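Colleague: I'd like to learn how to read a few features of a model like this one. Could you walk me through them?

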Amino acid sequence: MSLSPLTLAASNDAKSLHRLKQAVIKIYTSQAAPDYFTPWRLLNIDQTSGSGVVIDGQRILTNAHVIADARYLQVQKHGDPKKYLAKVAFVSHEADLAMLTVDEGEFFEGLNALKFGKLPDPLTEVSVFGYPFGGQSLSITKGILSRVEHQLYAHAGSFLLAGQIDAAINPGNSGGPVIVGNKIVGIVMQANAGGRAENLGYFVPPSVISHFLEDAQDGVFDGTPDIGFRTQSLESPAAKRAHGLSDDESGALVTKVFEDSANFGVVLVNDILVNIDGYDIADDQTIALTDDLRTNFKFAVDHHQPGESLPITVVRRGERITLSVRAEPVVKSRTLVQGIQYDEVPRYLVYGGVVFVPLNMNLIKRWGRDWHSKAPVDFLQARNKWSGPQRREAVVALKVLAADVNLGYHDWKNWVVESLNDEPIVDFTSFAANLLAYDGEYVQLEDDQGYKMVIDHQDALSQERAIRDIYGLPNSFSKGLLDTVARLKGDQVVQRFRSHLGAPVITTSAVAEPNDAGAH
């Protein structure tokens, strides 16, 4: 007895759906992020879950934010109660993508890896697979691809191409596949964060996924490249005329070229960038990907790997010039505030009871969801200051652990330090090295307003161990810091500092005891 065409079609659809379901994985994560207010401690452990999808090579593709700061990872197949131990094989927090592996080979038995498709056209119906909170079963929702353009990725603050869909995206969906024609056309990334629109979500598109997979081939993270200069739009007719462009010409004005860039001296401030890698640049800094799709010209750089070259055309003093610029390795931050960090040990140094840290977004975001208004003004302003060879990052005296050596400064906190013994501070690493190598009588720290903190150097060293014991510090420095200092200043400096860690403990009366009313 032969089956009708409709019955065959229904049977094939059922098999395809079954294969899709089997390829979507639930991920269980025990996360514990560092506490950047107290950088030698972890915050409370948080149990979260997310989704992933099996791709070729017995790998699971998911979001980086699903596994960020993970202490323990497990994965579970659709319809299988057993959980398997997993580990991170490669991660790009910038692209919000991660790749997991499972050592137990039986996990992948019966699973078919899904293939990747192309970015669908706008108004295409897509299916979103995942395990949102509120249930254990796989969820499938449908939506429409409504927009594709560069967006700020919520996880790490990077600016990359993203797809927008009008489908419900909930916690737990993260890392699940967006499917068209039984192929992966995106990885669910985040829900709309504005609070003004409902049922909007974003996904990582195929171009970003492809770049991530290419980057992962050698196991060394290179990331999305930078070209070492910044631009602004030229939508003002007056600005265009002032820079030698006619009304029918368009481009972007180069406003900053970083001194440490390989393109410094190749591209100049006030150049008009009119074409990049074959794409003409509009006055709003966009390029046309298709007849009905435009996005920021950064797209032309994003699909390159660091080290590759790409052609650009600039207008310089009225003359069109074709240049070759190099795509450079990703830079964590081009401002004095380092970008958000994951899976890293916070850097810190406790000297004379003063806790010194580099200024980064992890610290700023410890002020909560309203950090834009609650974080110290000096911290927020530093985000708008370019870094350079003379000053690469800001250093903060975060808090003072009260002791005799720092008497008079017990209430100082969140203080941005500009100089050490009248020498400008370049970055945290050199600051720590210079401080530990100092062999004088007094250490003087100063901010940009002229306020000073003066510490007796020998008192700071002699009381270091007592302060550490009183306040329960496991160490006075972050892991790896002394190794870096040794490379910069020599082993003798480190050995001299280590000798103070074993110095006789001074009487506890020399160090202020915590107030019982405030102790926990």
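Modeller: Let's begin with exposure: buried means under 20% relative accessible area, exposed over 50%, and partly exposed in between, using a 1.4 Å probe and protein chains only. Lys87, with a relative accessible area of 44%, is therefore partly exposed. Before going on, note that this is a predicted model, where local features need pLDDT of at least 70 and side-chain atom pairs count only at pLDDT 80 or more, while totals for chains, interfaces and linings use all residues. Residues are numbered from 1 along each chain as its sequence is written, and side-chain values use heavy atoms, with hydrogens and water left out.

Colleague: Which residue forms a salt bridge with Lys87?

Modeller: A salt bridge is a side-chain nitrogen of Lys or Arg within 4 Å of a carboxyl oxygen of Asp or Glu. Here the partner of Lys87 is Asp103, with the closest N and O atoms 3.4 Å apart. Lys87 sits in strand S6 and Asp103 in the loop between strands S7 and S8, so the pair ties together parts that are 16 residues apart in sequence. Strands and helices are DSSP runs numbered from the N terminus: E, at least two residues, for strands, and H or I, at least four, for helices. Asp103 is exposed, at 63% relative accessible area.

Colleague: How many salt bridges are there in the whole structure?

Modeller: A search of the whole structure turns up 19. One of them joins the side chains of Arg320 and Glu249 at 3.8 Å, N to O. That pair links distant parts of the chain, 71 residues apart: Arg320 is in strand S21, and Glu249 is in the loop between helix H4 and S15. Arg320 is exposed, with a relative accessible area of 51%, whereas Glu249 is partly exposed at 24%.

Colleague: And where do Asp469 and Arg465 lie?

Modeller: Both are in helix H11; being four residues apart there, they are separated by about one helical turn.

Colleague: Is Asp271 buried or exposed?

Modeller: Asp271 counts as buried because its relative accessibility is 1%. You'll find Asp271 in the loop between strands S15 and S16. Contact means heavy atoms within 4.5 Å, and, leaving out residues up to four places away in sequence, Asp271 touches Ala252, Leu253, Val254, Val314, Val315 and Arg316. The Asp271 side chain also reaches the backbone nitrogen of Leu268 at 2.9 Å.

Colleague: Which residues lie nearest the centre of the largest cavity?

Modeller: Of the 16 residues lining the largest cavity, Ser207, Val208, His211, Thr224 and Asp302 lie nearest its centre. Strand S10, helix H3 and helix H5 are the elements giving two or more residues to that lining, and H3 gives the most, with five.

Note on methods
Polar contact = N/O pair within 3.5 Å; in protein donor to acceptor, adjacent residues only side chain to side chain. 1 Å grid on protein atoms, 1.4 Å probe; cavity = no way out; pocket = protein on both sides within 12 Å on 5 of 7 lines; lining within 4 Å.
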